[in-house]
Amino acid sequence: MRVQWRHPTPTSLVFVIAVAWGNAPTQPLEQGVNIRTYVPNRIPNVVHQVLPPLPPDELVSLHHARVPRILVEKVETILSQNHGWKFRFWHDDEIESMAENLPLPEHTPYHNLSWYFHRISPAYGAARGDVLRLAIIWNLGGVYFDTKSGPAKPFAAWLPKGKLAYTQWSDRLSRLGWGVHDSVNTPNHREFVNWFIAAPAHHPLIQGALLHVLSNLRSPPPGSAVSGKSAVWELTGPIAYTNGVVATPEWKSRKGRRRLAKHVPFDNVQYEVWPRVISVYNRNYNAGRLESYRDVKSPVLQLD
């Protein structure tokens, strides 16, 4: 069974959220942000998570939000350790509306996220999620975690206030090959994980990553994989995210990198510590296991 994305009537929800938070600039930055004029905002105290379609009886009301029942313990634990923070769950029935309404950086071809979403085969919900998390963080700022992941310590102990926070797999896991790819343009070819991303709104390094991913969707790099996990990682996932960040002029400048980004040790985050929400989707919609994007044989991109 393939993951399908529904098409609800567009709403103004995204814009209401942006105004309520008061952290996202209203005007997009132009490409090639000048680090001398870029003024970092604080990272908003919001954890973003993107959900697959879930039946109403699997959602409960918690802190004025619709929360998957399976994640209630996670939400309560994290909020109890991080006073003043909140969760924002992006539900499947909001995705299409959000794709229509979330602005992209100025001068981006096809200035609408929906065009890029429909460029990706519905079989690759993971790739759409990769694009969505960058668009959310670029527009609104905050912390993104996959639903199975989360912080290992209170944010106040390690999260920078106005920089891109990034991490890489631990040295032990890297030696086992986790997140190490010849196509990653970093020392030792180690990727930045994209199941955790944190930055202020309109951060130039997130902008670079987002623009790189969108460019891949318009015109895949020569020699890139076409299907399965390799294609997702290279076109939209951690390889694309990492290469987009390190290709920016701001990153290549040592001064700019120090000002705009901070590497956080891997032990501040946890990759797989909470239940997988996809298991709820499988139980209700698939009577078995959802076909993983890692196993799909059809191409990621729906070419014209």
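Guide: Happy to! Let's start with Trp274, which touches Glu73, Lys74, Thr77, Ile78, Thr147, Lys148, Ser149 and Gly150, leaving out residues up to four places away in sequence. Contact here means heavy atoms within 4.5 Å. This is a predicted model, where local features need pLDDT of at least 70 and side-chain atom pairs count only at pLDDT 80 or more, while totals for chains, interfaces and linings use all residues. Residues are numbered from 1 along each chain as its sequence is written, and side-chain values use heavy atoms, with hydrogens and water left out.

Visitor: Is Trp274 buried or exposed?
Guide: Trp274 is buried, because its relative accessible area is 17%. Buried means under 20% relative accessible area, exposed over 50%, and partly exposed in between (1.4 Å probe, protein chains only).

Visitor: And where does Trp274 sit?
Guide: Trp274 is in the loop between strand 10 (269–270) and helix 12 (278–286). Helices (H or I, at least four residues) and strands (E, at least two) are DSSP runs, numbered from the N terminus. The C-alpha atoms of Trp274 and Ile70 are separated by 8.8 Å, and these two are 204 residues apart along the chain.

Visitor: New topic: what is the phi of His64?
Guide: Phi of His64 is near 65°, a positive value in a residue other than glycine. Most residues other than glycine have a negative phi. His64 lies in the loop between strand 2 (59–62) and strand 3 (65–68), and it counts as exposed because its relative accessibility is 85%.

Visitor: What about the phi of His189?
Guide: His189 is not a glycine either, and has a positive phi of about 60°. His189 is found in the loop between helix 6 and strand 8 and is partly exposed, at 35% relative accessible area.

Visitor: Okay, helices now. How do helix 7 and helix 9 cross?
Guide: The axes of helix 7 (residues 204–218) and helix 9 (residues 238–246) come within 7 Å and cross at roughly 125°. Axes are lines fitted to C-alpha atoms, for helices over the stretch in contact, and angles run from 0 to 180 degrees between N-to-C directions. Helix 7 and helix 9 are therefore oblique to each other: angles under 35 degrees count as roughly parallel, over 145 as roughly antiparallel, 65 to 115 as roughly perpendicular and the rest as oblique.

Visitor: Which residues meet there?
Guide: Among them are Leu205, Ile206 and His212 in helix 7, and Ala240, Tyr241 and Val245 in helix 9.
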